[in-house]
Amino acid sequence: MDLSSINPILLLASLMVAATPILLAAIGELVVERAGVLNLGVEGMMITGAVCGFMVAVSTGSPWLGFIGAAVGGAILALLFGILTQVLLSNQVATGLALTLFGLGLSALMGQNYIGMKAPSFPDWHIPLFGDIPIIGPIVFQHDPMVYVGLILVAAAWWFLHKTRAGLVLRAVGENHDAAHALGYKVVRVRILAIMFGGACAGLGGAYLSLVRVPQWTEGMTAGAGWIALAIVVFAGWKPWRLVLGAYLFGGVTVLQLNLQAAGLAIPVEYLSMSPYLATIVVLVIMSAGRAPGSLGRIFHASR
Amino acid sequence: MTIKSILAGATLALGVASGAMADSHQTKVGFVFVGPVGDGGWTYEHNQGRLAVEAEFGDAVETVFVESVPEGPDAERVMTQMALGGADLIFTTSFGYMDPTMNVAAKFPDVKFEHATGFKRADNVSTYSARFYEGRAVQGLIAGSMTKSNIVGYIGSFPIPEVIRGINSAYIQAKAVNPDVEFKIVWAYTWFDPAKEAEAATVLIEQGADVILQHTDSTAPQAAAQAAGNVVTFGQASDMAEFGPFPRVSSIIDNWSPYYIARTKAVMDGTWTSTDTWDGIGAGMVGIGDITDAVPSDVKAAAEALRDSLADGSYHAFTGPVNKQDGSAWLADGETADDGTLAGMNFYVEGITGDIPQ
């Protein structure tokens with residue numbers, strides 16, 4: 001075993017990168033669930049975002065436009081879910097699962113001509129001043145911009161949910177849609193907007209994989225990241241800041257276990273491989289999960 | 001209600017239409033894939049084999065496939081579905097499908113099964129595999145010659161004989177040309193997860209590896225190496241030529257087409273019997289992709305000489321003296337490994353550090 005071959009600075013730095021796609025997808029789903037909608041289609045929206053982002057980035061040469069395209073793609077797919085569940089009142093669990101399957105197939109179809117192509121490069125930011133601080137600089141302030149976009153989105157979601165009137169309305173809709181409706185709030189409209197926001201975030205998360213982390217398009221490349229994001233929302237008790245903890249913990253232990261393996265640690269690899277899941281669940285459960293939004297997953301119709 | 005009834009009607013109509021199109025005289029060949037056909041690696045090449053079967057026999061054969069089938073109970077369900085759907089021959093193309101294949105084969109004695117890389121056979125179950133370790137030997141020679149840090153990173157998928165054989169084969173050749181070489185092995189526990197593979201490659205590079213060998217199916221490690229700039233990689237299962245001439249300096253290419261065509265023909269002729277096929281470079285099942293100019297010419301010549309000697313059988317990739325990891329003797333001087341030991345290989349050769357996960 002040679003632990004000295006692990007560079008802690010590089011380890012912590014790659015932790016932030018590893019956590020970002022999950023964080024992006026999870027913060028979107030958190031807002032959706034706070035509005036009382038359970039969208040199990042995160043994986044499908046992520047992979048659709050990944051392919052949309054890749055296609056736009058390759059054809060325009062701009063990763064930024066790629067991310068916008070990914071958000072739009074994810075939001076459009078989410079809108080489909082919104083119409084089915086909010087207007088046509090279909091079952092949310094079944095529709096969400098279908099959305100995942102649909103997204104996987106659709107993305108494979110859309111991406112057929114893009115296999116093996118290279119994405120335009122998305123350089124890391126070297127934030128002036130902060131980036132030069134020893135140790136902390138390389139860990140926190142020398143990443144690609146999307147790492148910070150993810151954190152800003154979490155902060156914005158927290159602020160929106162807890163400090164704005166619109167956020168209060170959204171939470172009211174999620175807690176008790178009948179009461180919110182009786183007060184004159186547009187339950188369906190609020191939910192569809194939340195669902196589209198969730199889709200856009202999932203799309204960004206997917207595009208982070210196809211444009212930054214991998215970076216290329218391969219079918220099925222999200223490989224379950226959407227499900228991790230869904231689980232983290234629940235274990236984080238629907239609270240934005242715990243979400244960051246969960247995502248970073250998961251990303252961190254994932255990177256750490258690979259590092260330990262490469263360094264030849266004498267712990268059976270099976271335990272190392274399961275460690276990200278275990279660590280994330282244990283910590284978030286110990287912090288005690290929050291209460292699910294009251295109307296989560298229930299179908300709303302004004303006449304009932 | 002109207003929408004629902006229209007949809008129901010449409011589904012029914014589709015079902016009737018597709019049922020009517022099926023021709024009972026056609027031979028139906030099913031394929032179960034572990035990844036998506038667009039993975040650019042393992043499953044991509046199996047699908048090329050499927051397309052070759054279609055091209056060869058035209059309308060006489062109908063092929064069906066299901067991609068991204070998890071190894072486990074789901075695989076059994078997919079195979080059962082295929083057998084019930086009238087498949088005459090089913091190729092199950094991943095090691096983890098071994099027990100599901102045996103279970104389903106027992107229930108459908110009239111359907112022929114072909115399981116890739118496994119070792120369990122029955123009257124209606126054949127196994128087939130390619131001697132990828134021959135390709136690994138060529139890669140190991142290039143890897144050992146080209147590493148400057150003397151650290152070669154190896155991304156393993158699952159600790160099964162197939163993968164362990166590849167590690168040993170590559171190590172033996174790397175060690176022969178570079179006694180100081182060290183292998184760092186990371187188990188990804190997946191055949192296909194681009195993000196995780198990229199992560200594993202990055203970790204290995206951060207820990208000093210300047211050559212990456214992969215036994216996972218996506219091209220993500222290639223991209224990670226390219227981003228790092230000075231890291232050598234090899235295409236796995238498929239040529240991955242889009243990453244040449246550097247970092248991808250060569251590759252192992254699986255070529256299943258001749259085998260798939262031959263076995264389909266055997267079913268059509270009624271001559272199919274349960275067999276165990278294990279072909280290598282010589283038979284053309286394993287191809288060595290173009291060795292690019294990024295490789296020094298003397299190394300390239302040595303690699304090609306090794307490839308040719310493996311192909312004509314004058315050299316075996318496991319030729320003694322070779323000791324096991326614990327120092328005990330395995331192969332005496334000049335002795336070559338028998339297929340039985342290779343098929344069930346569960347030990348590292350001497351010099352490799354770390355333990356195989358049990």
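1. In this predicted model, the C-alpha centres of domain 1 of chain B and domain 2 of chain B lie 28 Å apart. Domain 1 of chain B covers 24-130 + 256-279, and domain 2 covers 132-253 + 285-343. Where the two domains meet, 17 residues of domain 1 of chain B are in contact with 16 residues of domain 2 of chain B. On the side of domain 1 of chain B that touches domain 2 of chain B, α2 (42-57) and β11 (276-279) of chain B each supply at least two residues, and α2(B) gives the most to that side, with four residues.

2. The largest nonpolar core of the model holds 195 residues, and the members that touch the most other members are I22(A), A26(A), I27(A), I232(A) and L243(A). Helix α9 (residues 187-213) of chain A contributes the largest share of this core, 16 residues. Domain 1 (24-130 + 256-279) and domain 2 (132-253 + 285-343) of chain B both give residues to the core as well, so it lies between them. As for I22(A), leaving aside residues up to four places away in sequence, this residue touches G205(A), A225(A), I228(A), A229(A), I232(A), A247(A), F250(A) and G251(A).

3. Between the two chains, 33 residues of chain A are in contact with 30 residues of chain B. On the side of chain A that touches chain B, α1 (8-34), α9, α11 (240-263) and α12 (269-286) of chain A each supply at least two residues. The largest share of that side comes from α11(A), with seven residues.

4. The crossing of α2(A) and α4(A) is left-handed. From α2(A), the residues E43(A), G44(A), M45(A), I47(A), T48(A), A50(A), V51(A) and M55(A) meet L99(A), T100(A), L101(A), F102(A), G103(A), L104(A), L106(A), S107(A) and M110(A) in α4(A).

5. The second pair is α1(A) and helix α6 (residues 145-163) of chain A, which pack at an angle of about 25 degrees with their axes 9 Å apart. By the angle between them, α1(A) and α6(A) are therefore roughly parallel to each other, and the crossing of α1(A) and α6(A) is left-handed. On the α1(A) side the contact is made by M16(A), V17(A), T20(A), L23(A), L24(A), I27(A), L30(A), V31(A) and R34(A), while α6(A) brings M146(A), V147(A), G150(A), L153(A), V154(A), A157(A) and L161(A). I27(A), one of the residues in this contact, is also among the core members that touch the most other members.

6. In chain B, a cis peptide bond joins F246(B) and P247(B), with omega about 10 degrees, and P247(B) sits in the loop between β9 (232-235) and β10 (248-254) of chain B. Another cis peptide bond joins G320(B) and P321(B), with omega about 5 degrees, and P321(B) is found in the loop between α10 (297-311) and β13 (322-323) of chain B.

7. In chain A, the phi of A223(A) is near 45 degrees, a positive value in a residue other than glycine. A223(A) belongs to the loop between α9 and α10 (225-235) of chain A and is buried, with 22 other C-beta atoms within 10 Å. W238(A) likewise has a positive phi, near 60 degrees, and is a residue other than glycine. W238(A) lies in the loop between α10 and α11 of chain A, and W238(A) is buried, with 23 other C-beta atoms within 10 Å.

8. A last point concerns V169(A), whose place is in helix α7 (residues 165-175) of chain A. With 17 other C-beta atoms within 10 Å, V169(A) is partly exposed. Not counting residues up to four places away in sequence, V169(A) touches Y185(A) and V190(A). V169(A) and I9(A) are 160 residues apart in sequence and, C-alpha to C-alpha, 43 Å apart in space.

Methods. Residues are numbered from 1 along each chain as its sequence is written. Chains are lettered from A and ligands numbered from 1 in the order in which they are written. This is a predicted model: local features need pLDDT of at least 70, side-chain atom pairs count only at pLDDT 80 or more; totals for chains, interfaces and linings use all residues. A nonpolar core is a set of buried Ala, Val, Leu, Ile, Met, Phe, Trp, Tyr and Cys residues joined through C-beta atoms within 7 Å. A residue is buried if 20 or more other C-beta atoms lie within 10 Å of its own, exposed if 12 or fewer, and partly exposed in between; C-beta atoms are placed from the backbone. Domain bounds come from an automatic or database domain assignment. Two residues are in contact if their C-beta atoms, placed from the backbone, lie within 7 Å. A crossing is left-handed if the near helix is turned anticlockwise from the far one by less than a right angle, and right-handed if clockwise. Axes are lines fitted to C-alpha atoms, for helices over the stretch in contact, and angles run from 0 to 180 degrees between N-to-C directions. Angles under 35 degrees count as roughly parallel, over 145 as roughly antiparallel, 65 to 115 as roughly perpendicular and the rest as oblique.
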